[in-house]
Amino acid sequence: MTQNVKPKKALGQHFLRDLGIARRIAATLDDYTAIPVLEVGPGMGVLTRFLLESHPADLVTVAEIDRESIAYLRAELPDPQPRIVEGDFLRMADTELFPGDGPFTVIGNYPYNISSQIFFRILDWKDRVVCCSGMLQREVAERLAAPPGTKARGILSVLLQAWYDVEYLFTVDENVFNPPPKVKSGVVRLTRNGVTDLGCDAALFRTVVKTAFGQRRKTIRNSVRPLLPPGATIDGHPLAQMRPEQLTVAQFVELTDAVAGLRKQA
């Protein structure tokens, strides 16, 4: 019997011990069992085992940076095993994981210290990732799903909700992990919506969202001023007196168009 993997603080490892919760997380992809799935950071494979019950093994890929975990997975996972890719997920290309341009899903008990970076990567792959689910720190999970008008709303809330329907599914207590984290966890699911074109410059949209939330205590008229030509203002715009957490995705699109229009006039 292979010895258990020692959790490594530097990798943000907190291994889930509750099989019931692992089963519930795996079930978030039950509508996508016929397409490839990528698990990020499988650790000791508690989630992987349930993915192998619902998905054909040749459709399951796991990406793991910890060599001790990789050795454990190869020794302990049942046959047929998934494809195991060794390396840093954040440095991987989608075509390295799944050649071509076909759809795939992403799942994981994501390391808390890189969870935001993981979801920015999902945004980069939005044309291929049809569903992304998993567990992360509760505050971050709540932020992803935060609706307009809430304090939790931030950059990732808007950017993800522009392309995905985001659901906060359930909360997970600390005591089901080894070692227990100091915070509670939350499980989310992102399902690709029907948007293929925002109706504005997508790169500028991203810049406007990041700039607005970079000074979230200010009103929009002040926070986006650095993006405008000298002397230009949006003082008369209906959104000018609002704060970024109040805006819907559609209103950020409207704001992006307003910024673009002022730039063209300069």
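Guide: Two strands pair if DSSP finds at least two bridges between them. Helices (H or I, at least four residues) and strands (E, at least two) are DSSP runs, numbered from the N terminus. The model is predicted: local features need pLDDT of at least 70, side-chain atom pairs count only at pLDDT 80 or more, and totals for chains, interfaces and linings use all residues. Residues are numbered from 1 along each chain as its sequence is written, and side-chain values use heavy atoms, with hydrogens and water left out.

Visitor: What makes β2 and β3 a pair, and in which sense do they run?
Guide: Strand β2 (residues 37-40) is joined to β3 (residues 60-64) by 4 bridges, and the two run parallel. The definition asks for at least two bridges, so they pair. Val37 stands opposite Val60 of β3.

Visitor: Which strand pairs with β2 over 3 bridges?
Guide: That is β5 (residues 104-109), in the parallel sense. There, Val106 is the bridge partner of Leu38.

Visitor: What makes the β-α-β unit of β2, α2 and β3 right-handed or left-handed?
Guide: A crossover is right-handed if, with the strands pointing away from the viewer, the path from the first strand over the helix to the second runs clockwise. The unit of β2, helix α2 (residues 46-54) and β3 is right-handed.

Visitor: Why is the contact of Asp127 with Arg192 called a salt bridge?
Guide: A salt bridge needs a side-chain nitrogen of Lys or Arg within 4 Å of a carboxyl oxygen of Asp or Glu. The N to O value for Asp127 and Arg192 is 3.9 Å, so the pair qualifies. Asp127 lies in the loop between α5 (115-124) and β6 (129-137) and Arg192 in β9 (residues 185-192), so the pair ties together parts that are 65 residues apart in sequence.

Visitor: How many salt bridges are there?
Guide: The structure holds 11. Among them is Asp88 with Arg91, whose closest N and O atoms are 3.6 Å apart. Asp88 is partly exposed at 27% relative accessibility, whereas Arg91 is exposed at 73%.

Visitor: How do you know that β9 pairs with β6 and β7?
Guide: β6 and β9 share 7 bridges in the antiparallel sense, and 8 bridges join β7 to β9, also antiparallel. Each count meets the requirement of at least two, so both are pairs. Ser185 of β9 is the bridge partner of Gln137, and Val187 of β9 stands opposite Phe170. In β9, 6 of its 8 residues are buried.

Visitor: What makes a set of residues a nonpolar core?
Guide: The members are buried Ala, Val, Leu, Ile, Met, Phe, Trp, Tyr and Cys residues joined through side-chain atoms within 4.5 Å. The largest such core has 57 residues; among those touching the most other members are Leu38, Val106 and Phe119. Helix α10 (residues 249-265) gives the most to this core, with 7 residues. A second, separate core of 27 residues includes Ile25 and Val60.

Visitor: Which residues does Phe119 touch?
Guide: Contact means heavy atoms within 4.5 Å. Not counting residues up to four places away in sequence, the contacts of Phe119 include Tyr110, Leu136 and Val188.

Key: Buried means under 20% relative accessible area, exposed over 50%, partly exposed in between (1.4 Å probe, protein chains only).
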